[in-house]
Amino acid sequence: MLTRKQHELLMFIHERLKESGIPPSFDEMKEALDLASKSGIHRLITALEERGFIRRLPNRARALEVLRLPDSIAPGLNAAKKFSPSVIQGSLGQNGGGQGGLGRQIKPASPRMPAGNDDAVSAVSIPVMGRIAAGVPIDAIQHQTHSISVPPDMIMGGEHYALEVKGDSMIEAGIFDGDTVIIRNADTAQPGEIIVALVDEEEATLKRFRRKGASIALEAANPAYETRIFGPDRVKVQGKLVGLIRRY
């Protein structure tokens with residue numbers, strides 16, 4: 001499964017190679033995908049290479065070869081812009097570290113009523129949308145992995161989804177690697193709330209929301225991770241933390 005941006009870049013490279021036999025430059029790719037910097041293109045190319053869709057040819061500048069295309073192309077994939085928070089590993093925000101919005105609407109939580117268990121009768125099923133980085137933002141993907149049942153009082157009001165936590169940047173807020181966080185869908189937040197944040201339409205992370213003047217700060221709850229400051233147009237709120245599930 002490719003992210004929307006990965007898919008767009010793969011098809012752009014493929015079409016350019018078909019037309020001219022020459023891969024596009026990084027500047028052309030950045031402009032075509034409307035990214036803020038070429039570092040985003042580097043990350044996308046690395047992801048496509050790791051997934052076996054392209055290959056970088058050695059000893060040749062900007063030489064790329066398309067090895068394969070996706071088995072199927074989801075209708076409306078390139079047109080959709082709304083992010084469904086579901087993520088895979090990447091890197092940004094950890095001291096010394098350096099390493100995207102999609103088209104599926106989050107389905108409202110729906111009642112689930114297993115037989116023979118009074119406690120489970122009132123449980124509510126919500127979709128698990130993949131992993132979220134508590135530490136280093138990771139590429140957004142677009143599919144639901146499975147569902148979980150949660151107590152109804154955990155998700156009162158609004159639409160909800162769950163994310164599996166990857167990383168340790170929120171440990172002082174009691175959020176650990178392997179936890180499952182329950183998120184209420186929202187596009188605004190108050191300072192101090194823990195949110196799912198989409199950065200530069202590419203990468204998502206779980207952080208505490210702060211404001212620094214006109215800018216937005218994404219604050220970790222682990223001194224090993226630095227607070228990242230972004231312009232207000234670079235960060236979108238994708239939901240707010242309302243609960244947590246932990247397995248021992």
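## Model and confidence

The model is predicted, so local features need pLDDT of at least 70 and side-chain atom pairs count only at pLDDT 80 or more, while totals for chains, interfaces and linings use all residues. Residues are numbered from 1 along each chain as its sequence is written, and side-chain values use heavy atoms, with hydrogens and water left out.

The predictor's confidence in each residue is given as pLDDT, from 0 to 100. For the protein the mean pLDDT is 76, with 72% of residues at 70 or more. Helices (H or I, at least four residues) and strands (E, at least two) are DSSP runs, numbered from the N terminus.

Where pLDDT is low, the predicted coordinates should not be read in detail.

## Packing of the helices

Two packed helices are described by the angle between their axes and the distance between the axes. Axes are lines fitted to C-alpha atoms, for helices over the stretch in contact, and angles run from 0 to 180 degrees between N-to-C directions. Angles under 35 degrees count as roughly parallel, over 145 as roughly antiparallel, 65 to 115 as roughly perpendicular and the rest as oblique.

Helix H2 (residues 26–33) packs on helix H3 (residues 38–50) at about 95°, with the axes 9 Å apart; the two are therefore roughly perpendicular. H2 contributes Phe-26, Asp-27, Met-29, Lys-30 and Leu-33 to the contact, and H3 contributes Lys-38, Ile-41, His-42, Leu-44 and Ile-45. Six of these residues are nonpolar, one is polar and three are charged. The classes are nonpolar for Ala, Val, Leu, Ile, Met, Phe, Trp, Tyr, Cys and Pro, charged for Asp, Glu, Lys and Arg, and polar for the others, Gly among them.

Helix H1 (residues 4–20) also packs on H3, at about 85° and with an axis distance of 10 Å, and is therefore roughly perpendicular to H3. Here Lys-5, Gln-6, Leu-9 and Leu-10 of H1 meet Ile-41, Leu-44, Ile-45, Ala-47 and Leu-48 of H3. By class there are seven nonpolar residues, one polar and one charged.

## Salt bridges

The structure has 12 salt bridges (a side-chain nitrogen of Lys or Arg within 4 Å of a carboxyl oxygen of Asp or Glu). One of them joins Asp-200 and Arg-234, N to O 2.7 Å. Asp-200 is in the loop between strands S9 and S10 and Arg-234 in the loop between S12 and S13, so this pair ties together parts 34 residues apart in sequence.

Relative accessible area under 20% means buried, over 50% exposed, and in between partly exposed (1.4 Å probe, protein chains only). Asp-200 is partly exposed at 23%, as is Arg-234 at 34%. Glu-219 and Arg-210 form a further salt bridge at 3.3 Å; Glu-219 is partly exposed at 24% and Arg-210 at 30%.

## Ala-220

Ala-220 lies in the loop between S11 and S12 and is buried, at 14% relative accessibility. Its C-alpha is 5.7 Å from that of Lys-207, 13 residues away in sequence. Beyond four places in sequence, Ala-220 contacts Ser-169, Met-170, Lys-207, Tyr-225 and Thr-227.

Methods
Contact means heavy atoms within 4.5 Å.
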